[in-house]
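Work through the exercises below with the model open beside you. Try each task before reading its solution.

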Amino acid sequence: MLNPQMQQLAVGVGGGVMLLLQVTGLVVLWLQRRQVRSLDGRVAHLSAAMALLTDTLEGGLHDVAREVSRLAAPASSAAVAVSAPRNRTTAQRRIRGAAKRGHSVREIAAAEQMSEGEVRLMLQNTSREIKEPPVHASMR
């Protein structure tokens with residue numbers, strides 16, 4: 001059996017070691033959370049880039065298919081009207097209004113005859129414009 005002074009010393013050393021382990025654990029946890037946050041931002045950026053790439057590819061393939069079908073059509077059906085490209089600002093207005101009315105991205109894309117990613121991108125751009133007012137040259 002240990003004398004009381006040795007017992008107190010053992011308890012004090014043990015408590016100090018436990019406190020040191022807890023502080024070390026907290027520091028390691030804090031560093032890992034910081035790394036996870038930066039990794040989350042990178043993954044979100046990569047996800048947005050992949051969505052944009054997918055939508056660009058989808059739009060390009062759609063244009064190629066439309067051109068191939070136009071070239072494959074007989075000359076007698078040349079009177080078929082090709083839909084004129086819509087004005088981008090009016091399309092954004094219609095998309096924003098449809099989203100406010102509660103329509104899904106898929107429904108809006110079908111109505112506007114564009115990809116879902118393009119609709120999402122327009123909605124993100126309009127929300128970004130609302131958050132960040134445009135900076136005019138005179139304000140710089």
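**Salt bridges and a buried core**

In this predicted model, five salt bridges are counted.

**Exercise 1.** Determine how E67 and R70 are placed relative to each other in helix 1.

Solution. Begin with the contact: E67 and R70 form a salt bridge whose closest N and O atoms are 2.4 Å apart. Next, locate the pair: the two lie three residues apart in helix 1 (residues 4-72), so about one helical turn separates them. Finally, check accessibility: E67 has a relative accessible area of 36% and is partly exposed, and R70 is partly exposed at 48%.

**Exercise 2.** Classify R94 and E112 as buried, partly exposed or exposed.

Solution. The two residues form a salt bridge, with 2.9 Å between the closest N and O atoms. This pair links distant parts of the chain, since R94 is in helix 2 and E112 in helix 3, 18 residues apart. Buried means under 20% relative accessible area. At 12%, E112 is therefore buried, whereas R94, at 34%, is partly exposed.

**Exercise 3.** Is I108 buried or exposed, and which residues does I108 touch?

Solution. The residue I108 belongs to helix 3 (residues 105-112). Its relative accessibility is 4%, so I108 counts as buried. Leaving out residues up to four places away in sequence, I108 touches I95, A98, A99, H103 and V119. The largest nonpolar core has seven residues, among them I108, I95 and V119. Helix 2 (88-100), helix 3 and helix 4 (116-131) each supply at least two residues of this core.

Key
Residues are numbered from 1 along each chain as its sequence is written. This is a predicted model: local features need pLDDT of at least 70, side-chain atom pairs count only at pLDDT 80 or more; totals for chains, interfaces and linings use all residues. Side-chain values use heavy atoms; hydrogens and water are left out. Helices (H or I, at least four residues) and strands (E, at least two) are DSSP runs, numbered from the N terminus. Buried means under 20% relative accessible area, exposed over 50%, partly exposed in between (1.4 Å probe, protein chains only). Contact means heavy atoms within 4.5 Å. A nonpolar core is a set of buried Ala, Val, Leu, Ile, Met, Phe, Trp, Tyr and Cys residues joined through side-chain atoms within 4.5 Å. A salt bridge is a side-chain nitrogen of Lys or Arg within 4 Å of a carboxyl oxygen of Asp or Glu.
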